[in-house]
Amino acid sequence: MFGPRKRKQTALRIIIVGCGKVGHTLTEQLVREGHDITVVDTDSHVLSNLNESYDVMTVSGNGASRQVLESAGLKEADMVIAVTGSDELNMLCCTIARKAGGSLSAIARVRNPDYSEELTYLRQQLGLSMIINPEMEAAREIARVIARPQALTVSAFAKGQAELVQFMIPRGNRLCGMSVMEMNNLFPFGFLACAVERDGIVTIPDGSFVLEEGDELSLLSASNDAYRIFPTIGMYAPHARTCLIIGGGRVTYYLARKLLEQKVEVRIIEQNSRRCEELTSLLPNATVIYGDGTNEELLREEGLETTDAFVPLTDVDEENILLTLYAQRVSNAKTITKINRITFNNVIDSLQLGSVVYPKYITAELIIAYVRARQNSIGSNVETLYHLFDNRVEVVEFHVEKDAPVIGIPLMELKTKDNLRIACISHNGRMIFPRGQDRIQAGDHVIIVTTHTGFGDIGDILA
């Protein structure tokens, strides 16, 4: 009845070059997904610590050396991922791996803004499978949240045609005491309630689930309808017209460019005078202030108490957290906190920072989505992957191929796994929030929400 099942997933042999924040996070998640990982780094102490935590092979040496790569198993590898601190080293490593390793896939992290306009050209000329700019991706996520200031996170799917909006239901809101089914009478557009976190427990709700104050709710809708969610439920907030950013690093540059395109007034406080001069040249329409962004008097002088959005983007997590807490005390600004290293998630959650962005996780999710697509190429490809609620929920977008086992069957007849929702179908650019009679067709983009992990093919949703 359901057609042929896909082949069983097989583990990939992956070489990760560079074991900094992103490399460590990738190692952790790819090991969890069952892949055979070898890590190359010049710091033997870092590799020793990694060996104590994960079942991986390690090789000490320069990842751009053919000899080092071959000792890491290049000839047998399916993929090389280069995430060292040097863009040029990452590209060189991938180029050598492609030349010496045959048909393997190669992914490079490239962060320098000088290359930001040439990523497609570089990828094609160097024969790379993917080039990722973590700072640019983090800036995109921050900009989406600033555009929806009531949201905690905003994630994009179907090439930007759908958005997953996560927010906390405030006291007295009209959603309190309302069932998910009753929300159909509230929203005059298509949507799906994907997941709810209450008292630390995550639920994929059915129609009878009743919402309460303090619930963290994730709603999926078409992007051109997402802006209507908050006015409909009485969570009003004006569009951000001003944004104060602390720190002048790469994320700041990319974020400022996006906000200026959206006609948002941008002010940047940076304590390095040379960097101030660079930013002034690169961002002539932004206001760049030379000074210490942790100075209370300077923050007040530069409009912290009246700004619509406040984004601390220093290189020190503790500073970013303290600046956010201070801003929440003295202003009504939408705050977004960038965190690079701190892993005490329970402590961070207890601080109620609101929107938190982890660049290393954004990068890891992009790469893992590609790994899953590379792992399974029969029924579908993974296009987009997001984790919600500390990795307890996955939202996966598949591009469905003609031989997928779910095609043409009414959804009400599909026997799918428990704790799973088919959230949305993008058919020829039209967003469908499916009912029982709807069917998945070849070429569709299908978004799945589930508490299961590791889905690499649309056929994985079947029981």
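Which residue stands opposite arginine 421 in S22?

A: Valine 449 stands opposite arginine 421 in S22. Some ground rules come next. This is a predicted model, in which local features need pLDDT of at least 70, side-chain atom pairs count only at pLDDT 80 or more, and totals for chains, interfaces and linings use all residues. Residues are numbered from 1 along each chain as its sequence is written, and side-chain values use heavy atoms, without hydrogens and water.

Strands (E, at least two residues) and helices (H or I, at least four) are DSSP runs, numbered from the N terminus. Two strands pair if DSSP finds at least two bridges between them. S20 (residues 420-427) and S22 (residues 445-450) pair in the antiparallel sense over 6 bridges. S20 also pairs with S21 (residues 430-432), again antiparallel, over 3 bridges. There, isoleucine 425 stands opposite isoleucine 432. S20 and S21 form a hairpin with 2 residues between them. Asparagine 428, in the turn, has a positive phi of about 55 degrees.

Burial comes next. Buried means under 20% relative accessible area, exposed over 50%, and partly exposed in between (1.4 Å probe, protein chains only). In S20, 6 of the 8 residues are buried, so the strand is largely enclosed by the rest of the structure. Asparagine 419 is found in the loop between strand S19 (393-400) and S20. Asparagine 419 is partly exposed, with a relative accessible area of 42%. Its phi is positive, about 50 degrees, although it is not a glycine. Most residues other than glycine have a negative phi.

Alanine 158 also has a positive phi, near 50 degrees. Alanine 158 sits in the loop between S7 and strand S8 (162-168). It is buried, with a relative accessible area of 4%.

Now the parallel sheet. It is open, with 6 strands in the order S3-S2-S1-S4-S5-S6. S3 (57-60) and S6 stand at the edges with a single partner strand each, so one side of each has no neighbour in the sheet. From one strand to the next, the twist averages 15 degrees. S4 (residues 79-82) and S5 (residues 105-109) pair in the parallel sense over 4 bridges. Valine 80 has alanine 106 in S5 as its bridge partner.

Helix H14 lies across S1, S4, S5 and S6, running at about 170 degrees to S6. Axes are lines fitted to C-alpha atoms, for helices over the stretch in contact (heavy atoms within 4.5 Å), and angles run from 0 to 180 degrees between N-to-C directions.

H6 gives the most to the lining, with 7 residues.
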